[in-house]
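I took the elements one at a time and wrote down what I looked up.

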Amino acid sequence: MTDPIADYLTRLRNAIQAKHRVVEVPASNLKKDITKILFDKGYILNFKFEEDGPQGTIKIALKYNPQTKVSAIKSLKRVSTPGMRKYTGYREMPRVINGLGIAIISTSKGVMTDKEAAALKIGGEVLCYVY
């Protein structure tokens, strides 16, 4: 697999499309950090890290509106790819849907949202957009 982050986002996208409640993805430290951000911002219901085998898995409980059955995540878009990396400084931080969505950024201080990176005045690699 050449792009594990794109695989992670695609698994989430496919599970949302199929209206699954829980999705399992292979674990890595970067995927764990992205999952924590999605949980903190209210895009997923819950998550659990399971240490089975050499790699482990992440079980993610997806969040849906109880009345309309619409997912909390409307779109997951990979920005920086292995073939074309996208970097940004803190002054040119991307705005997702005029501030309503989040951009997940990999910085020297760890993985964080665009707003947190701008507040700390650090830039980094733009991993994905979520709204």
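Entry 1, α2. I listed the buried residues of α2 and got Lys 31, Lys 32, Ile 34, Thr 35, Ile 37 and Leu 38. The model is a predicted one, and I keep that in mind for every value below. I noted that two lysines, Lys 31 and Lys 32, are on the buried list of α2. I then checked the length: α2 has twelve residues and spans 17 Å from its first C-alpha to its last, close to the 16 Å expected at 1.5 Å a residue. After α2 comes Gly 42, and I read a positive phi near 85° there.

I repeated the length check on α1, residues 4–17. Its 14 residues reach 20 Å from first C-alpha to last, close to the expected 20 Å. Which residues of α1 are buried? I found Ile 5, Tyr 8, Leu 9, Leu 12, Ala 15 and Ile 16. They cover an arc of only 125° around the axis, so they sit on the same side of α1.

Just after α1, I logged a positive phi of about 60° at Lys 19.

Entry 3, the sheet. I traced an open sheet of three strands in the order β1-β3-β2, with antiparallel pairing. Its edge strands are β1 and β2 (44–50), each pairing on one side only. From one strand to the next, I get an average twist of 20°. I then looked at how the helices lie on this sheet. α1 packs on the sheet and touches β1 and β3, and its direction makes about 165° with that of β1. α2 also packs on the sheet, touching β1, β2 and β3, with its direction at about 155° to that of β2.

How many bridges join β2 to β3? I counted six, and the two strands run antiparallel. I looked up two of the partners in β3: Ile 58 for Phe 49, and Thr 57 for Glu 50. The hairpin of β2 and β3 has six residues between the strands, and Gly 53 in this hairpin takes a positive phi near 80°.

I searched the whole structure for aromatic pairs and found two. Phe 39 and Phe 47 form an edge-to-face pair, with 5.2 Å centre to centre and 75° between the planes. Phe 47 and Phe 49 have ring centres 5.1 Å apart and planes at 45°, so I filed that pair as tilted.

Terms used
Residues are numbered from 1 along each chain as its sequence is written. This is a predicted model: local features need pLDDT of at least 70, side-chain atom pairs count only at pLDDT 80 or more; totals for chains, interfaces and linings use all residues. Side-chain values use heavy atoms; hydrogens and water are left out. Helices (H or I, at least four residues) and strands (E, at least two) are DSSP runs, numbered from the N terminus. The expected span of a helix is 1.5 Å times one less than its number of residues. Buried means under 20% relative accessible area, exposed over 50%, partly exposed in between (1.4 Å probe, protein chains only). The arc is that of the directions from the helix axis to the C-beta atoms. Two strands pair if DSSP finds at least two bridges between them. Axes are lines fitted to C-alpha atoms, for helices over the stretch in contact, and angles run from 0 to 180 degrees between N-to-C directions. Contact means heavy atoms within 4.5 Å. Rings of Phe, Tyr and Trp (its six-membered ring) pair if their centres lie within 6.5 Å; planes under 30 degrees apart count as stacked, over 60 as edge-to-face and the rest as tilted.
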